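Work through the exercises below with the sequence and the model open. Each task is followed by a solution in steps.

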Amino acid sequence: MRLSENTSTPAVRALSPLRVEYVNADLTALLAEPDVLAVIGFGASAPLEDDPRCLRIGLEPALNGRFEVWRGHAPVRRGRDGAVRWSSDGDYLFFAIDVDETASGSLEDAAAQAYQEIGSLLDTHRVRTGSPAHVLRLWNYMDAINEGDGDTERYRRFCAGRAHGIGPAARNGYSAATAIGRRDGIRVLQVYGLAARLAGVAVENPRQLSAWSYPRQYGPVAPTFARATRTPANQLLVSGTAAVVGHSSQHVGDTLAQLDETLLNLTSLFDAAGTEIAERGFAASLLKVYLRNPADAAQVERRLHERACGLPAPLVLVGDICRNDLRLEIDGIQG
Ligand code: 3EB
């Protein structure tokens, strides 16, 4: 028994917030800034540099494309461990991996491999730095997410592989996540994420059944994610959120009604995350909107501006939602 261990250890330094922005800026100039952890471009024409912090996601912007930039609070170190690219400022760890489905054998195998390799990176990081890396947030992008019928649907195969591979990455419960379909025909699974020296707290939405408890009708292996993660800096990392109430999709065929339901879900999630987050609301939120039909973009932007009080301009991307009957999904960071 070493009950005194905690009291004899110096207090753990709190985390400063991760700074996230959408910007129109020069990629080379961004990467030259010492505190830049990640620069994420969207669409086939986004520039890319051979730097572990630089990522291009194959989702086309519906309106204007911008870079998503993450900044830490100290000079950033970066590297590659096997297929995983990473960067860290000592508090936060950005990581990314692309896994070729053909080389792995299938999307399911690619997902298992991606999550196993991320688990290994987290172990290596712990050994290298002497401090743990707790996963706060994961993003998953794959081609043709709705292809295949019933349990052969590619999203369901992805869920099975992720659940198999995620073991070490989920030691402290699931983190927030997004899973969206690309339309680029490139059979490469893209996974990236954020970890930190201190753990976050998973937040569930009282309007929604937790995804890991979804009934059998949605597939043999339930999705393994939390609705949000509240970070040690009291930011809220919001998972892909759609017009799902309980476990059922609402307002099938009506994009704007699905948007309104999604906003109710986001408000409910903010409330569940605590007073400070509830009070900050949409004005402190940086959101991404994934739209199945790019023709909905202008209407959705207008409605968001009307209904999400003070919301900064979101990034609108064309992508397929993991249920055929959902026309839009929103994720982001608050605080
Ligand atoms: C839903 O509520 C919509 O499989 O990682 C949202 C966010 C959804 C993340 C995932 C799936 C995922 O079930 C789908």
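**Exercise 1.** How far is an oxygen atom of the ligand from an N or O atom in the side chain of Tyr214?

*Solution.* This is a predicted model, in which local features need pLDDT of at least 70 and side-chain atom pairs count only at pLDDT 80 or more, while totals for chains, interfaces and linings use all residues. Residues are numbered from 1 along each chain as its sequence is written, and side-chain values use heavy atoms, with hydrogens and water left out.

Step 1. The distance for Tyr214 is 2.6 Å.

Step 2. Repeat the search for Tyr155: a polar atom of its side chain lies 2.5 Å from a ligand oxygen.

Step 3. For Arg162, an N or O atom of the side chain is 2.7 Å from an oxygen atom of the ligand.

Step 4. Turn to the surface of the ligand. Taken alone, the ligand exposes 360 Å², and the protein buries 100% of this area (Shrake-Rupley method, 1.4 Å probe).

**Exercise 2.** Describe the shell of residues around the ligand.

Step 1. Assign the shell to elements, taken as DSSP runs (helices H or I, at least four residues; strands E, at least two) numbered from the N terminus.

**Exercise 3.** Is Cys322 buried or exposed, and which cysteine sulfur is nearest to it?

*Solution.* Step 1. Count the disulfides, meaning pairs of cysteine sulfur atoms within 2.5 Å. The whole structure has 0.

Step 1. The nearest cysteine sulfur to Cys322 is that of Cys159, 7.0 Å away, and Cys322 is in no disulfide.

Step 2. Cys322 counts as buried because its relative accessible area is 14% (buried is under 20%, exposed over 50%, partly exposed in between; 1.4 Å probe, protein chains only).

**Exercise 4.** Which residues does Gln208 contact, leaving aside its neighbours within four places in sequence?

*Solution.* Step 1. Locate Gln208 in the loop between strand 12 (201-203) and strand 13 (228-230).

Step 1. Gln208 is buried, because its relative accessibility is 7%.

Step 2. List its contacts (heavy atoms within 4.5 Å): Arg227, Ala242, Val244, Gly246 and Asn265.

Definitions and conventions:
A polar contact is a pair of N or O atoms within 3.5 Å; within protein, one must be able to donate a hydrogen and the other to accept it, and residues adjacent in sequence count only if both atoms are side-chain atoms.
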